[in-house]
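Here is a short briefing to read beside your structure viewer. Please have the sequence and the model open as you go.

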Amino acid sequence: MRIDIISAVPKLLDSPFSHSILQRAVKNNIISIHVHDIRAFGLGKSRQIDDYQYGGGAGMVMMIEPLFNCIESLNKERKYDEIIFMTPDGALFDQKTANSLSLKRNLMIICGHYKGIDHRLREHIITKEISIGSYVLSGGEIAAAAVVDAVCRLIPGVMNDETSALSDSFQDDLLAAPVYTRPAEFNGWKVPDVLLSGHDKKIEEWREKESIERTEKLRPDLNH
Ligand code: ADE
């Protein structure tokens with residue numbers, strides 16, 4: 001999968017893809033992530049990318065031309081399955097969306113800043129609008145990094161069997177069961193006996209029961 005991210009603050013995205021699982025996936029050529037500085041398409045000597053909003057009101061708006069030209073330069077190179085805009089008023093991101101995006105070949109992600117982007121881009125160019133939660137971040141970069149991480153870990157080969165994404169919370173709309181590691185007792189706090197029993201079927205049943213109970217208690221909205 002190829003992911004192109006358009007940003008006004010590309011440095012914010014230096015680190016999230018340079019470590020751990022995503023770094024390995026990049027090294028193994030399973031994914032490639034390209035960050036583009038919108039300012040390279042800015043207007044005039046000052047490389048302007050934002051302007052006052054029509055009708056008045058506080059806050060600047062990202063101009064249509066620099067973004068449009070940047071998007072078009074990428075569209076000329078390849079066909080994108082989705083052109084995604086990160087915005088707090090987008091559709092709430094969830095595991096189902098991550099699963100479906102993980103099946104795509106080419107994704108473009110636009111990070112918003114200031115008051116947002118000229119709405120004509122949302123009407124005519126953007127194909128999907130995503131929010132990572134009902135709160136406002138300073139820009140779309142951290143939200144984009146969260147989406148890229150959640151999507152990429154689902155691509156075959158990105159994680160090994162041990163860290164398989166299939167047992168993650170939210171697959172099947174269930175929270176994952178609790179996990180423990182050595183020692184079996186610490187401070188008098190014990191690991192549940194069943195996990196030490198070596199009885200695979202009983203362990204599986206216990207995990208399923210815990211999953212259902214935790215989901216009912218902590219996330220009743222997931223409807224199990
Ligand atoms: N940009 C600012 N806040 C955001 C959010 N909650 N989700 C996605 N993009 C954003």
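Predicted model: local features only at pLDDT ≥ 70, side-chain atom pairs only at ≥ 80, totals over all residues.

Residues are numbered from 1 along each chain as its sequence is written, and side-chain values use heavy atoms, with hydrogens and water left out.

**Around the ligand**

- The ligand is surrounded by 13 residues, counted when one of their heavy atoms lies within 4 Å of it; the closest are Thr87, Ile132, Gly133, Tyr135 and Leu137.
- By type, this shell holds eight nonpolar, five polar and no charged residues. Here Ala, Val, Leu, Ile, Met, Phe, Trp, Tyr, Cys and Pro count as nonpolar, Asp, Glu, Lys and Arg as charged, and the others, Gly among them, as polar.
- Strands S5 (82-92) and S7 (128-131) each give at least two residues to the shell, and S5 has the largest share, with three residues. Strands (E, at least two residues) and helices (H or I, at least four) are DSSP runs, numbered from the N terminus.

**Backbone atoms facing ligand nitrogen**

- For Gly133, a backbone N or O atom lies 3.1 Å from a nitrogen atom of the ligand.
- For Tyr135, a polar backbone atom is 2.8 Å from a ligand nitrogen atom.
- For Leu137, a backbone N or O atom is 2.9 Å from a nitrogen atom of the ligand.
- The protein covers 97% of the 260 Å² of accessible area that the ligand has on its own, by the Shrake-Rupley method with a 1.4 Å probe.

**Backbone details worth a look**

- The peptide bond from Arg182 to Pro183 is cis, with omega near 5°. Pro183 sits in the loop between helix H5 (141-152) and strand S8 (185-186).
- Asp173 is found in the loop between H5 and S8, and its phi is near 60°, a positive value in a residue other than glycine.
- Arg47, in the loop between strand S2 (32-37) and strand S3 (50-52), has a positive phi of about 55° although it is not a glycine.

Terms used. Polar contact = N/O pair within 3.5 Å; in protein donor to acceptor, adjacent residues only side chain to side chain.
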